[in-house]
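Subject: The two-chain model, with notes

Hi,

Here is the structure I promised to pass on. Could you have a look at it with my notes beside you?

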Amino acid sequence: MELLSRDDFRAALEGAIRGREARDASFSQAWANGLLSRDHLARWAENHYHYVGPFADYLAYIYANAPDTATDAKDFLLQNMYEEEVSDVRHTDLLIRFGEACGTTRERIEDPRNMNPVTRGLQGWCYATAFREHFAVATAALVVGLESQVPSIYRRQYPVLLEKYGFSEEEAEFFELHITSDEVHGERGYQIVLDNATTPELQQRCIQVVQDGAEMRFAYTKALYDTYVAKDLDGVTLTGAEPAIA
Amino acid sequence: VSTIEFRTSGRTVEFADGDEVNLLRTSIRYDCGVPYKCASGNCGTDRVLVERGAEHLSRIRPKERDRLGDDVDRGYRLACQTYASGDVTLSWASGSVPENERLRGRWLAGDVAAEQERRTGAE
């Protein structure tokens, strides 16, 4: 096994996501096509909170695993945690604001009993990967595999929230914020992985976990549709919603 | 193809017609040197002057109005908040970065409140 060049490694990381993008999962398609009710979106908020709510916790495990010589990576992780929690409005509070506009409550959103088993699996995978893997591998999984997908998902879904579902900009601020912030977080994630996966084995492990992460996010998004939406949209064909996982 | 010219660093990046690319992400990826700290439009470190091609940029986001004020009308944008869909030329000051007064005020207010609470508790 040989060490990939920077360009080839980046192309392999991008290729590991391709065909597994969560924006193509059935729940995302139904969202973009204006087919969801506010009840469906409330269930999304009740699940999404338990995936992204601990994001600073995941990053903190990665931070602790990064050596003190990896200053650039540690600075990024700390900045990312800071932005999630205290730099302005806490991101989960924006998510709860959206959920409340959909008709659910802070109490229901924060209650872990309201997530489905697939969401619980995604959360557990995030914790385990952050805690157990080399910091470059964990960054690949969580930042490249998961977080870097966010702009492409929300750039499609945010305008629909305003135009078709009738939310105000304030109610949907969670999405507007992440369209831009995760562009930068995603790119910084790539740079950290490219700089710090310095052996063929680490590179291959990064590529594998990016694929795993993309599949986890796809499965999570698809499960939202299967659990909460399919029964209400019986017979609706979602063009472009291709299952990535056999 | 379209291009983003980062005049201060002398770098130029090409992207495919029909694409929309985030200015700060592009700068980071291709090492074009736009200064930045955060990614949320809060710090204002990535303030750039659009010298050419403003019509090829995404709409001005609320964070930019909040952070830049009237400078938005003088052609300034926040690179992290802005997407390009055609040729643009950017420059930026290489000196010190002004603090975000709104955030500074909020934190100072928090510090004052916490101090008052501590003193009240001690009495």
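Below are some notes on the helix contacts, the pocket and the cavities.

A few ground rules come with the files. This is a predicted model, in which local features need pLDDT of at least 70 and side-chain atom pairs count only at pLDDT 80 or more, while totals for chains, interfaces and linings use all residues. Residues are numbered from 1 along each chain as its sequence is written, chains are lettered from A and ligands numbered from 1 in the order in which they are written, and side-chain values use heavy atoms, with hydrogens and water left out.

**Helix contacts**

Helices (H or I, at least four residues) and strands (E, at least two) are DSSP runs, numbered from the N terminus. Axes are lines fitted to C-alpha atoms, for helices over the stretch in contact, and angles run from 0 to 180 degrees between N-to-C directions.

Let me start with H4 (residues 55–65) and H5 (residues 71–85) of chain A, whose axes come within 9 Å and cross at roughly 160°. H4(A) and H5(A) are therefore roughly antiparallel (angles under 35 degrees count as roughly parallel, over 145 as roughly antiparallel, 65 to 115 as roughly perpendicular and the rest as oblique). The crossing of this pair is left-handed, a term for a near helix turned anticlockwise from the far one by less than a right angle, with right-handed used if clockwise. By class, the contact of H4(A) with H5(A) has nine nonpolar, one polar and three charged residues. Here Ala, Val, Leu, Ile, Met, Phe, Trp, Tyr, Cys and Pro count as nonpolar, Asp, Glu, Lys and Arg as charged, and the others, Gly among them, as polar.

H10(A) and H11(A) also have axes that come within 9 Å, and they cross at roughly 155°. These two helices are therefore roughly antiparallel to each other, and H10(A) passes H11(A) in a left-handed crossing. Their contact includes A:Val150, A:Tyr154 and A:Arg155 of H10(A) and A:Phe175, A:His178 and A:Asp182 of H11(A).

How do H1(A) and H11(A) pack? Their axes are 10 Å apart, at an angle of about 130°. H1(A) and H11(A) are therefore oblique to each other, and their crossing is right-handed. One of the residues that H1(A) brings to this contact is A:Arg10, and H11(A) brings A:Glu187 among others. The classes here are six nonpolar, one polar and five charged.

**The largest pocket**

On a 1 Å grid over the protein atoms alone, a cavity is a set of points where a 1.4 Å probe fits but cannot get out, and a pocket is an open set with protein on both sides within 12 Å along at least five of seven lines; lining residues have an atom within 4 Å of a point. Grid points are joined across faces, edges and corners, and a volume is the space filled by probe spheres set on the points.

The largest pocket holds about 800 Å³ of space. It is lined by 25 residues, and the closest to its centre are A:Arg10, A:Glu14, A:Glu183, B:Arg25 and B:Arg29. The lining has 13 charged, seven nonpolar and five polar residues.

**Cavities**

How many cavities of 30 Å³ or more does the structure hold? There are three. The largest cavity has a volume of about 150 Å³. Of its 15 lining residues, A:Val52, A:Glu84, A:Val150, A:His178 and A:Asp182 are the closest to its centre. H3 (38–52), H6 (91–102), H10 and H11 of chain A each give at least two residues to this lining.

The second largest cavity has a volume of about 90 Å³. Its lining has 13 residues, with A:Ser28, A:Trp44, A:Ile153, A:Arg217 and A:Thr221 the closest to the centre. H12(A) supplies the largest share of this lining, four residues.

Best wishes

Note on methods:
Contact means heavy atoms within 4.5 Å.
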